Amino acid sequence: MTMANTLLSIKGLEVVYIAPKGVVKALRDINLEIYEGETLSIVGESGSGKTTLLLSIMRLLPPNSRIIKGSIALKAENGWIDLTGLDENSMRRVRWSKVALVSQAAMNAFNPVLRIKDHFIETARAHMDKFDRELILREARELLKLVMLEPERVLNSYPHQLSGGMKQRTLIALSLLLKPKLILMDEPTSALDVVSQKIILGVLRDLKGKIGSTMILVTHDLGIAAEIADRIAIMYAGKVVEVGSVDKIFYEPLHPYTKALLRAVPRVRFFSEIEAIPGEPPDLINPPSGCSFHPRCPLSMEICKREEPPMIEIEPRRPVACWLHAKR
Ligand code: ATP
Ligand code: SF4
């Protein structure tokens, strides 16, 4: 994996939702690079903005949202495309063929009256000027094998004839049909039983080796991130607060929130007891002053309440936003 090749570059991204109670600051100054061939996992508690980030990249945000600032640049054959500036028609050409999203919402979008094979055909029809039905079905069979499903049985099934785990794997196969450079996965295992979760994790690990796609995997579970990702970005209250390789995040965490998350993971052995993170995630209509983690942080200092910590690079590709690590 060549870390030097950036595939997606997010700069200064700010996204809000206009809600009845006020303006929800869902993403605040997000800066993130995704490198070709890597799996980056985005980890944070519920409400930290993970899904909003994926929906911003896909430009599938709901109507009450606004991208206030920033850019999301995707590397294409002939230069960079800023996804935030594309009209809906151009964006439709990017979705599925360049960037695909596997999510619970996409699972629910299977058309109940179409067999799975028609989902493959319809996806090809919607995105390709010309296509050969037999060729698409041949490709579909290969992809279904890749996600460890029986191709003929699945292609001839209706969505309701598949279990949740099989549907999830079918969606992964479908998302690979147009060979997107970037695959976004939103909590790919959360609605599944333990056995299906294990199968999906195996499939995702396999895909990395076999197709070399770049993946962004959103999860609230650091254990899952550790099994699949190369790097982890920790999000809190709409901000990325720390980024590092899996090893660095697990063995040399810098941000107090990352440390709290690690203590809350049952699979991490070097913390003997599981500790829930005290307090509640903040209200994003009126986020706390200064560092938004300060009301829950055991190491909070005077400056933390007053001023937002800047993102600083402790070492290359190892940014953290915490006053403990900033030179003052
Ligand atoms: P989860 O793990 O629960 O999906 P998340 O980290 O993906 O959480 P988001 O779903 O991106 O977080 O939500 C970020 C913030 O935006 C939350 O405070 C959420 O309540 C709010 N939010 C999300 N969608 C909307 C919406 N359509 N209208 C108003 N607020 C929203
Ligand atoms: Fe804790 Fe302060 Fe660091 Fe925020 S900036 S995480 S409050 S020490």
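Q: How many residues surround ligand 1, and which are the closest?
A: The model is predicted. A residue belongs to this shell if one of its heavy atoms lies within 4 Å of the ligand. The closest to ligand 1 are S46, G47, K50, T51 and T52, and the residues that surround ligand 1 number 14.

Q: Which residue has a side-chain N or O atom 2.5 Å from an oxygen atom of ligand 1?
A: Polar contacts are pairs of N or O atoms within 3.5 Å. For G47, a backbone N or O atom lies 2.8 Å from a ligand oxygen atom, and for N64 a polar side-chain atom lies 2.9 Å from a ligand nitrogen atom. The side-chain N or O atom 2.5 Å from an oxygen atom of ligand 1 belongs to S46.

Q: What percentage of the area that ligand 1 exposes when taken alone does the protein bury?
A: Contacts to ligand 1 include the 2.9 Å one from the side chain of N64 to a ligand nitrogen atom. Taken alone, ligand 1 exposes 630 Å², and the part of this that the protein buries is 65%.

Q: Which element gives the largest share of the shell around ligand 1?
A: Two elements give two or more residues each to this shell, namely β2 (22-35) and α1 (50-58). The largest share is three residues, and it comes from α1.

Q: How many residues in the shell around ligand 1 are charged?
A: By class, the shell holds five nonpolar and seven polar residues. The charged residues in the shell number two.

Q: Which strands stand at the edges of the sheet, and why is one side of each left without a neighbour?
A: Four strands form an open antiparallel sheet in the order β2-β1-β4-β5. Each edge strand has a single partner strand, so one side of each has no neighbour in the sheet. The edge strands are β2 and β5 (79-82).

Q: What angle does the direction of α1 make with that of β1?
A: Within the sheet, neighbouring strands are turned by 15° against each other on average, with direction ignored. Helix α1 packs on this sheet and touches β1, β2 and β4. The direction of α1 makes with that of β1 an angle of about 110°.

Q: Which residue in β5 is the bridge partner of A76?
A: β4 and β5 pair in the antiparallel sense over four bridges. A hairpin joins β4 to β5 through two residues. In β5, the bridge partner of A76 is G79.

Note on methods. Residues are numbered from 1 along each chain as its sequence is written. Chains are lettered from A and ligands numbered from 1 in the order in which they are written. This is a predicted model: local features need pLDDT of at least 70, side-chain atom pairs count only at pLDDT 80 or more; totals for chains, interfaces and linings use all residues. Side-chain values use heavy atoms; hydrogens and water are left out. A polar contact is a pair of N or O atoms within 3.5 Å; within protein, one must be able to donate a hydrogen and the other to accept it, and residues adjacent in sequence count only if both atoms are side-chain atoms. Accessible areas come from the Shrake-Rupley method with a 1.4 Å probe; for residues, only the protein chains shown count as cover. Ala, Val, Leu, Ile, Met, Phe, Trp, Tyr, Cys and Pro count as nonpolar, Asp, Glu, Lys and Arg as charged, and the others, Gly among them, as polar. Two strands pair if DSSP finds at least two bridges between them. Axes are lines fitted to C-alpha atoms, for helices over the stretch in contact, and angles run from 0 to 180 degrees between N-to-C directions. Contact means heavy atoms within 4.5 Å.
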